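Hi,

Here is the structure I promised to pass on. Have a look at it first, and then read my notes below.

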Amino acid sequence: MEPILVFPEPVAPELARALDLGGWMWKAVPDVDAARRDEPTNGWAGAIITAEPDEDAAFRLCRSIRSGDVNVEQVMVLVNGGQLASLELRDDLFDDFCLTPFHPAE
């Protein structure tokens with residue numbers, strides 16, 4: 001099983017804990033270049049992109065994924081309540097989203 005791409009690095013402790021409790025393999029990256037450089041041979045199993053603290057960098061990575069620069073099938077974006085409106089014009093860049101803070105069961 002390939003790891004999940006997680007952005008940004010360092011990963012928020014609550015996200016790292018949720019992924020670990022779920023038994024997921026994951027790798028955090030600081031930017032698009034690292035996502036390409038560290039990409040597994042068969043691509044990433046998925047991506048979890050946290051839009052906070054740098055929303056522009058998060059959606060830049062989502063664009064790179066959608067354009068095929070980084071091989072990822074499914075993208076989940078984590079946003080806080082104040083960022084919900086920013087999802088409307090970018091809904092083609094991700095498959096699902098989750099509000100933060102979240103419970104590990106989500």
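The second largest pocket holds about 190 Å³ of space. Of its 17 lining residues, A12, E14, T50, E52 and T100 are the closest to the centre. By pocket I mean an open set of points on a 1 Å grid over the protein atoms alone, where a 1.4 Å probe fits and protein lies on both sides within 12 Å along at least five of seven lines; lining residues have an atom within 4 Å of a point. Grid points are joined across faces, edges and corners, and the volume is the space filled by probe spheres set on the points. Helix α1 (13-21) and strand β4 (75-79) each give at least two residues to this lining. Helices (H or I, at least four residues) and strands (E, at least two) are DSSP runs, numbered from the N terminus. By type, the lining splits into eleven nonpolar, four polar and two charged residues. Here Ala, Val, Leu, Ile, Met, Phe, Trp, Tyr, Cys and Pro are nonpolar, Asp, Glu, Lys and Arg are charged, and the others, Gly among them, are polar.

Before the rest, the ground rules: this is a predicted model, in which local features need pLDDT of at least 70 and side-chain atom pairs count only at pLDDT 80 or more, while totals for chains, interfaces and linings use all residues. Residues are numbered from 1 along each chain as its sequence is written, and side-chain values use heavy atoms, with hydrogens and water left out.

Now the salt bridges (a side-chain nitrogen of Lys or Arg within 4 Å of a carboxyl oxygen of Asp or Glu). The whole structure has six of them. One of them pairs K27 with D38, with 3.6 Å between the closest N and O atoms. K27 sits in strand β2 (residues 26-28) and D38 in the loop between α2 (32-37) and β3 (46-50), so this pair ties together parts that are eleven residues apart in sequence. K27 is partly exposed at 34% relative accessibility, and D38 is partly exposed too, at 27%. For those labels, buried is under 20% relative accessible area, exposed is over 50%, and partly exposed is in between (1.4 Å probe, protein chains only).

D38 also meets R37 in a salt bridge, at 3.4 Å from N to O. R37 is exposed, with 61% relative accessibility.

Then there is E55 with R90, where the closest N and O atoms are 3.0 Å apart. This pair links distant parts of the chain, since E55 is in helix α3 (residues 55-66) and R90 is in the loop between β4 and β5, 35 residues away. E55 is partly exposed at 22%, whereas R90 counts as buried at 18%.

On the surface, L84, F97 and L99 make up a nonpolar patch, and together they have about 230 Å² of accessible area. Patches take residues with over 30% relative accessible area and no salt bridge, joining like charges within 9 Å and nonpolar side chains (Val, Leu, Ile, Met, Phe, Trp, Tyr) within 5 Å. The areas come from the Shrake-Rupley method with a 1.4 Å probe, and for residues only the protein chains shown count as cover. L99 belongs to strand β5 (residues 96-99) and is partly exposed at 38%.

Which peptide bonds are cis? One joins F7 and P8, with omega about 0 degrees, and another joins E9 and P10, again with omega about 0 degrees. P8 is in the loop between β1 (4-7) and α1, and P10 is placed in the loop between β1 and α1 as well. For background, most peptide bonds are trans.

Last, a few valines. V77 is in strand β4 and is buried, at 1% relative accessible area. V70 is in the loop between α3 and β4 and is buried at 1%. From V70 to G43 the C-alpha distance is 7.7 Å, at 27 residues apart in sequence.

Cheers
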